[in-house]
Amino acid sequence: MEDIWCVAAAVFQVWMFVVVFFIMLPAMFGLSLGVTGVYIQILVKILEWATLRIQRGRQEQPGVPVPLPSGIIERAGGSMEEEMEQLRSSRSMEGAEFDLSDAFYFCKKGLESIVDDQVTQRFSSEELASWNLLTRTNQNFRYISLRLTVIWGLGVFVRYCVLFPLRIALAIIGLSWLVVGTTLVGFLPESSGKNWLSELVHLTCYRICARGLSATVHYHNKENKPQKGGICVANHTTPIDVVILANDGCYAMVGQIHGGLMGVIQRSMVRSCPHVWFERSEMKDRHAVTSRLRAHVAAKTKLPILIFPEGTCINNTSVMMFKKGSFEIGGIIYPVAIKYDPRFGDAFWNSGKYNMVSYLLRMMTSWAIVVNVWYLPPMTIQDGEDAAQFANRVKSAIARRGGLLDLAWDGGLKRGKVKDSFKEEQQKMYSSIIAGQNNISCPKTSSESPEEQ
Amino acid sequence: MGASQTRSAHKYQDLMDKTGFSLEQIKNLHKRFQQLSGNEETISRENLDSIPALANNPIRKQIIEAFFDKRNQHQNEVGSLDEIGFEQFLMVMSHFRPPNLKTTEEEREAMRKEKLRFLFNMHDTDNDGTITLEEYRKVVEELLSKSGAIGQEAAKAIADAAMLEVASTNVPHMAPDDFYEGITFEHFEQILKGLEMESRMHIRFLDVDTTTMRCGRSTS
């Protein structure tokens, strides 16, 4: 019995030695031993081989469904007026004012929306065109060959028994280092030395956490990195976005104070450098929030604020409406586009389906997290532009850079319903078509085209 | 990994026969059903109500109601359901399935009649087999804006005028005191006889046969 304990203790010591000296210390100093790079290359080769096997398997078993990229139905592109003209012309009715067949148009449009719409699909994970050997993405793929199954089994073993304990250990070390380090730095008096030390502590902690997820981040255009006194906005996919961005620079975080472990981390972080944490009651008061953020930005020596204007996690295929509140603060906006590579793991946090702990466990048992981060040139609000238009401009720039779809819908639709004003707009459009055709009780003269409201 | 091709084909075989969809289309619609219902077995009105793109539609209440209307289930029952399962969902969608090359002339006629029936049921909310003036007015009001270019009085006038025209076409020798009960289904068919529906009033599914496989996701 005791021999087993001795052996176990020795193994544990060796393992901790490896973890500390080969992973943690290089991470702290921003060096890399290149192991992760090699790992990613091997993974890519294996996944390509797997894809070819699956493709060959599919040709032998025809009829296997393929997920379609742009939805399952085709839509007519015409405007409301064009389509109604087509419907009516087939009836050859002269001067038809209102027709039963008009209802058909709306009926068809409604059914098309029920079958496929742009928004509902953004709140579930993206479907892959080929399987990446993770059980959780295996929706459409069947048994293809023995070799593939063996590789998959090996993958499970590697991910759960080798990588997972390593990652948990790193995560625990990283977080405790953050709490301890920031508390220690918090005891120092205000000085530039304190700022430098606090930056060091934050950076090292986030680097260790990033190693804890096997995250490989490619930063592009580093010359556009956010400067002090600015606001950094990015698209939001997962809470890990924070770790990804903070690996390359220090930001002041904005958010609500939580209880529990998160609260402890938040309170210790704020001791060493000024983050902006709000009480739950304060979040409702928009003016209080805006004025606090404004005060932070105005002090040019403070770290740039990090804000995610979408307000919720989207599945990284599109960028949804940016809430204009962040753009009313003033100051320079530094947009950042973040794109995850879905081959190595699905980073999207579906908060309805998974809670934080199970989400982190899923992250730690994926292959890796490979991210591309693009820093875009800074933008400021221009004359004659209001906050909403500025927000849209920034959103389009981010969507274009990251290769994401630019949607005007609100991310809040994940939980809430659409306002009735959208329905009224369609009603207005239709009634102006009818009114335009027979000059019913409206001051404008008959016109050919419906007026845009 | 493991479900064989034949097992799923068998499961959907009678659905294919009943609704006329292909296996591919049924599978895609099933995925959509799961998405809408949140992986439950049935969909309720709230699930359909929460589709953002549908919120734009002026007659969305009627469209949603049509899904829960028993008359659209090809079973000669009346009334409405509170929740529908996948089979009932498919039955309603089958009213708008695309015709394929093998559809005969009679089948096309039958599909046309189905679509007209669907629209008729949408207007005839009290299930009595006729669209009365009240019901017709309601549809017109929903389609037109309450606060837009046309006021409520004008909407009523439009509905009345259209109804009068229908009455005069179908009952040409009506005395001024006669009361026109409403549009029956035969009248409805008569009115919309010339309407060309085959090429436009159906949902076009994208072609599933193209396989573009690369390691990773397809670019959209």
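Which side chain of opposite charge is nearest to Glu310(A), and how far away is it? This is a predicted model, in which local features need pLDDT of at least 70, side-chain atom pairs count only at pLDDT 80 or more, and totals for chains, interfaces and linings use all residues. Residues are numbered from 1 along each chain as its sequence is written, chains are lettered from A in the order in which they are written, and side-chain values use heavy atoms, leaving out hydrogens and water.

Select Glu310(A), in the loop between β6 (305–307) and β7 (318–319) of chain A, where strands are DSSP E runs of at least two residues and helices are H or I runs of at least four. Glu310(A) is buried but has no salt bridge, and the nearest side chain of opposite charge, Lys395(A), is 7.9 Å away; buried means under 20% relative accessible area with a 1.4 Å probe, protein chains only, and a salt bridge requires a Lys or Arg side-chain nitrogen within 4 Å of a carboxyl oxygen of Asp or Glu. Next, show the backbone nitrogens of His236(A), 2.8 Å from a polar atom of the Glu310(A) side chain, and of Met320(A), 2.9 Å from a polar atom of that side chain.

Finally, select Phe67(B), which touches residues including Leu111(A), Ile114(A) and Leu48(B), a contact being heavy atoms within 4.5 Å.

Conventions. Buried < 20%, exposed > 50% of the residue type's maximum accessible area, 1.4 Å probe, protein only. Lys, Arg positive; Asp, Glu negative; His and termini not counted. Polar contact = N/O pair within 3.5 Å; in protein donor to acceptor, adjacent residues only side chain to side chain. Lists of a residue's contacts leave out its neighbours within four places in sequence.
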